[in-house]
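I opened the model to look up two things.

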Amino acid sequence: MSRERAMVPDAEFRSYYGQPIIKDPLWHEPHMPVYLYLGGLSGASSLLAAGCELTGRDRLAAPAKIAAAVAGSAGAAFLVAELGRPERFLNMLRVFKPTSPMSVGSWILAAQSGLAAVAAGSAVTGLLPAVGRAAGLATGVTGPMMATYTAVLVSDTAVPSWHAGHRELAFLFAGSALASAGAVAMVAAPHREAGPARRMAVIGAAVETVASEVLERRLGILSEPYREGSAGRLMRAARVLTVTGGALAAVSGLTRWRTPSVLSAAALTAGSLCARFGVLRAGRASAADPKYTVVPQRERVAARERNRAGG
Amino acid sequence: MSERVGFFTDTSVCIGCKACEVACKEWNDVPDDGFVFRATSYDNTGGLGASTWRHVAFIEDFTERGDRWLMSSDVCKHCTHAACLDVCPTGALFRTEFDTIVVQADICNGCGYCVPACPYGVIDRREDDGRAWKCTLCYDRLRDGLEPACAKACPTDSIQFGPLEELRERAAERLATLHEAGVAEARLYGERPDDGVGGDGAFFLLLDEPEVYGLPPDPVVTTRDLPSMWLWAGAAAVSMAAACFGAFARGPRR
């Protein structure tokens, strides 16, 4: 560690009394990271449910549908609670703005949570099976959008470590969503029926792990906030939990005991939550230190000047 | 559509009187922004925010070349490509007939998305009120043919208001004059229509690097990369579907 420090000296930069240049993202804990988790859970659960629908696995489909509906509605509640004027939440749907990921996301969330509620309601009550099936299949489309739009939501800001990490965050959130949905379905469905959920959890854990590795290495100075402080601790905890959970999920199908499944689900859920909290804190840290705003922008200016001089 | 108007803030003649801060508060009925001794020269508002729409920065600069006291009145830049406006999900933020950016207080639901979107850290949410606020470039005064309160109150014409094209010409002349007079460190900031935000409606003449005044050296509107962001999110969404397909691929059951 100390050798690394010596080789990469702290970047020099100037600032106004060390004050941040951009504003701190207002999003609070636990609302925002829990919303990110629930959105992912809802979206990937819908995908799992749609897969079950197409392959005739009702006993795995039912818990996935319920998870999609409950997580979707709970996520919406967290989002409304985040507003400065919660009573005006419907203003989100007064326009559709492609330039605003939050506007696009509000429409995706409305569609996803509405359709998921219909699908789950039909599955639980047995009413309107054709409508429930159609809604369930539709969430197979809105679900992945729900799970990944949130990466665009955080990236489309001036927050340096979010903006620069938009590629990695999309896959981190996608993997995290698959892992958390696999985790819930794995324990909610009968053990013998849970094969696809287990495999989804394993794939998700792998994608989440690789994406967070890349995020913590490939952004140069802007990777620092993902490695340092409380964000770094959360990201490391997420890594350990996700790898452990993924490994447990892989072996849980080989045994008739439920214990490995339950432990895997707990680890994957905790890992997914830690990753979301870690991403929020890393973004905040990158907004709070003017270094992360000034140094990359200075490098950009210098590169432009070199180009101009050279070409 | 009227002509595009804006501010040219010439910090070389700013005397740090804060008349702009006071005039802005008085005219726009902006609540107090805290009474804090910050020990940062004469600056006790710190930066722009929900209840600070003009902010005078004070930099006491003691170097071998001599002592300087830099002062600069900062304000919303009313960007050509405004991130706050782009990301606002309710349409509360809009572009006026004067090409300025204004929040409609009766629409804003306080989602706060504009706050981290602004590359200059201008707009913020008033926590007791729940909505986002920033400089309106005195939209009400403009509609009555008056200049904004801060420019009106500025005793040295450090804050100049007018049609943007005219201000750019005036700024270029002022820069040339200063350079001739040997003030080599004078530079314009935010005046170029080809910068990352398409040029600022409120631009500056500075006497040091922008970051010394708390301004980003090379701001870019975040939505410039939005197509790429959606592309990557789309790829991740498709990968999720592929992963799900893979999860079901093995065997009929189990």
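I looked up the area buried between chain A and chain B (the accessible area, 1.4 Å probe, that two parts lose on being put together, summed over both) and found about 6300 Å², with 58% from carbon and sulfur atoms. This is a predicted model, where local features need pLDDT of at least 70, side-chain atom pairs count only at pLDDT 80 or more, and totals for chains, interfaces and linings use all residues. Residues are numbered from 1 along each chain as its sequence is written, chains are lettered from A and ligands numbered from 1 in the order written, and side-chain values use heavy atoms, without hydrogens and water.

I listed contacts (heavy atoms within 4.5 Å): 73 residues of chain A touch 82 residues of chain B.

I counted 6 salt bridges between the two chains, each a side-chain nitrogen of Lys or Arg within 4 Å of a carboxyl oxygen of Asp or Glu. One of them joins Arg14(A) to Asp208(B), with the closest N and O atoms 2.9 Å apart.

I then turned to strand β1 (residues 5-10) of chain B (strands are DSSP runs of E, at least two residues). Because 6 of its 6 residues are buried, the strand is largely enclosed by the rest of the structure; buried means under 20% relative accessible area, 1.4 Å probe, protein chains only. Val5(B), Phe7(B) and Thr9(B) point one way, and Gly6(B), Phe8(B) and Asp10(B) the other.

I checked its pairing (at least two DSSP bridges between strands). β1(B) runs antiparallel to β8 (residues 159-163) of chain B over 5 bridges, with Gly6(B) partnered by Gly162(B). With β10 (residues 202-206) of chain B, β1(B) is parallel over 4 bridges, and Thr9(B) is partnered by Phe204(B).

Terms used: Buried means under 20% relative accessible area, exposed over 50%, partly exposed in between (1.4 Å probe, protein chains only).
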